[in-house]
Amino acid sequence: MSEQDWLANTFETHRKNLQIVAYRMLGSLSEAEDAVQESWLRLSRADARGIENLGGWLTTVVSRVCLDMLRLRKSRREESIEAHLPDSFNSQENISDPEQEAILADSIGVALLVVLDNLKPAERITFVLHDVFVMPFNEIAPIVGKSEAATRQLASRARHRVRGVKATEVDIAHQRKVVQAFLAAAHAGDFDRLVAALDPDVILRDDRQTGSSKVTRGAVALAKQVSGRAQKAAQLALVNGTVGIIAAPQGKLLYVLKFTMSHGKIAEVDLISDPERVRQLDLAVLSN
């Protein structure tokens with residue numbers, strides 16, 4: 001076997017793990033595949049025989065590639081919101097392998113994917129490598145170009161944003177119960193249970209609509225609108241510190257539902273789908 005054949009075969013044994021690492025960092029299967037391919041190109045140009053821990057070397061390389069891609073994504077987003085949006089907001093027509101991406105998104109949790117997309121690139125890389133893949137900070141530091149102490153701070157900030165700043169546990173437990181009942185009734189098309197979860201004068205504001213159709217008023221009208229139409233991929237999450245819903249089939253964000261409670265019922269619902277408005281939300285994973 002030639003050295004190049006040996007190298008290619010060895011790389012293939014690491015490809016799946018590298019793809020998982022890249023996907024958790026990027027939230028896009030196509031971009032993850034590009035990052036893994038770039039790591040192969042860099043390996044093919046390196047002196048592989050001198051690499052003691054090939055798996056660790058490849059993880060470092062693919063992490064650096066992902067960091068560059070996230071920074072490029074962020075800079076493009078700042079140049080023009082409409083010119084480039086992250087895959088979390090793209091249409092499902094661009095998914096290269098819907099089944100595989102659905103499996104990956106489900107394994108991570110669509111809510112976490114959306115929350116990670118709101119982190120800064122270095123925070124996201126540090127959080128994924130340390131909190132998900134348990135890489136020590138002294139190995140992460142050179143990847144993100146920070147000192148070990150600064151890298152620990154990055155992880156702490158990311159962890160804080162992922163977990164969110166919550167209201168009291170009693171408030172969260174009650175909100176979860178109400179929102180979960182609303183979501184379950186919407187899935188099942190249970191009109192009466194939907195009305196029971198809503199304040200009689202509830203208001204829905206939907207940024208996908210225009211004019212008079214942008215606002216729906218009243219429990220009966222709202223229940224008719226959402227009954228049986230809830231996204232299967234919708235999950236509970238913390239939205240600005242209170243329980244809300246993220247709908248992101250296959251990890252592709254459709255909208256966020258932000259709820260306002262009054263006397264134990266849902267009094268206001270804000271459906272937010274505009275990417276810039278979503279980025280301004282404080283989104284966090286709702287722990288079990």
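Predicted model: local features only at pLDDT ≥ 70, side-chain atom pairs only at ≥ 80, totals over all residues.
Just after helix H6, Val-134 has a positive phi of about 55°.

H6 covers residues 121-132. Its 12 residues reach 16 Å from the first C-alpha to the last, close to the 16 Å expected at 1.5 Å a residue. H6 is mostly covered, with nine of the 12 residues buried. The buried residues are Pro-121, Ala-122, Glu-123, Arg-124, Ile-125, Thr-126, Phe-127, Val-128 and Leu-129.

One partner of H6 is helix H1, residues 3-26. The two axes come within 9 Å and cross at roughly 135°, which means that H1 is oblique to H6. The crossing is right-handed. On the H1 side the contact is made by Val-21, Arg-24, Met-25 and Leu-26, and on the H6 side by Arg-124, Ile-125, Val-128, Leu-129 and Val-132. Seven of these contact residues are nonpolar, two are charged and none is polar.

Another partner is helix H8, residues 148-163. Here the axes lie 8 Å apart and the packing angle is about 90°, so H6 is roughly perpendicular to H8. H6 contributes Ala-122, Glu-123, Thr-126, Phe-127, His-130 and Asp-131 to this contact. From H8 they meet Thr-151, Leu-154, Ala-155, Arg-157, Ala-158, Arg-159, Arg-161 and Val-162. The residues of the contact between H6 and H8 divide into six nonpolar, three polar and five charged.

Conventions:
Residues numbered from 1 in each chain as written. Heavy atoms only, no water. Axes fitted to C-alpha atoms, helices over the stretch in contact; angles between N-to-C directions. Helix = DSSP H or I, 4+ residues; strand = E, 2+ residues; numbered from the N terminus. Parallel < 35°, antiparallel > 145°, perpendicular 65-115°, else oblique. Left-handed = near helix turned anticlockwise from the far one by under 90°. Contact = heavy atoms within 4.5 Å. Nonpolar A, V, L, I, M, F, W, Y, C, P; charged D, E, K, R; others polar. Expected span 1.5 Å × (residues − 1). Buried < 20%, exposed > 50% of the residue type's maximum accessible area, 1.4 Å probe, protein only.
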